[in-house]
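Hi,

Here is the structure I promised to pass on. Have it open while you read, and my notes follow below.

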Amino acid sequence: MSKSDFDIIFRGDIVFGHQLADVKHKLQQLFKADAAKIDSLFTGRPVPLKRNLDEATANKYRDVLLKSGAMVEIDPSDKSPA
């Protein structure tokens, strides 16, 4: 049985009802990153926040990020065995 890995992808979208400044502040706290680093995530292009996670862990990250106001996707990892 093969184990699938997943990536958490963020495109800069926020959950309806959340304020952009609040979402950025929460992401700064979650990732322990400075404002410039968090601002660089809001480009509109897909940015992987976490890679090669098992499904349960990916779902936990998605839930935490959604509660923070960041809309994310869980996509299968592109990593193929070497």
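Two terms first: contact means heavy atoms within 4.5 Å, while helices (H or I, at least four residues) and strands (E, at least two) are DSSP runs, numbered from the N terminus. This is a predicted model, where local features need pLDDT of at least 70, side-chain atom pairs count only at pLDDT 80 or more, and totals for chains, interfaces and linings use all residues. Residues are numbered from 1 along each chain as its sequence is written, and side-chain values use heavy atoms, with hydrogens and water left out.

Let's start with helix α3.

Which residues of α3 are buried? They are A58, L65 and S68, where buried means under 20% relative accessible area, exposed over 50%, and partly exposed in between (1.4 Å probe, protein chains only). These residues sit on the same side of α3, because they cover an arc of only 85 degrees around the axis; the arc is that of the directions from the helix axis to the C-beta atoms. The buried residues of α3 pack against β1, α1, β2 and β3.

The face away from the buried side carries the exposed residues E55, K60 and K67. E55 counts as exposed because its relative accessibility is 52%. The C-alpha atoms of E55 and S4 are 7.5 Å apart, although 51 residues separate the two along the chain. Just after α3, G69 takes a positive phi of about 100 degrees.

Next, the core. A nonpolar core is a set of buried Ala, Val, Leu, Ile, Met, Phe, Trp, Tyr and Cys residues joined through side-chain atoms within 4.5 Å. The largest one here has 16 residues, and I8, F10, L27, L41, F42, L49 and L65 touch the most other members. β1 (6–14), α1 (20–31), β2 (47–53), α3 (55–68) and β3 (70–76) each give two or more residues to this core.

Leaving out residues up to four places away in sequence, I8 touches A58, Y61 and L65, among others. On the strand side, β1 and β2 run antiparallel, joined by four bridges, and I8 stands opposite K50 in β2. β1 also pairs with β3, again antiparallel, over six bridges, with I8 opposite I74. (Two strands pair if DSSP finds at least two bridges between them.)

Cheers
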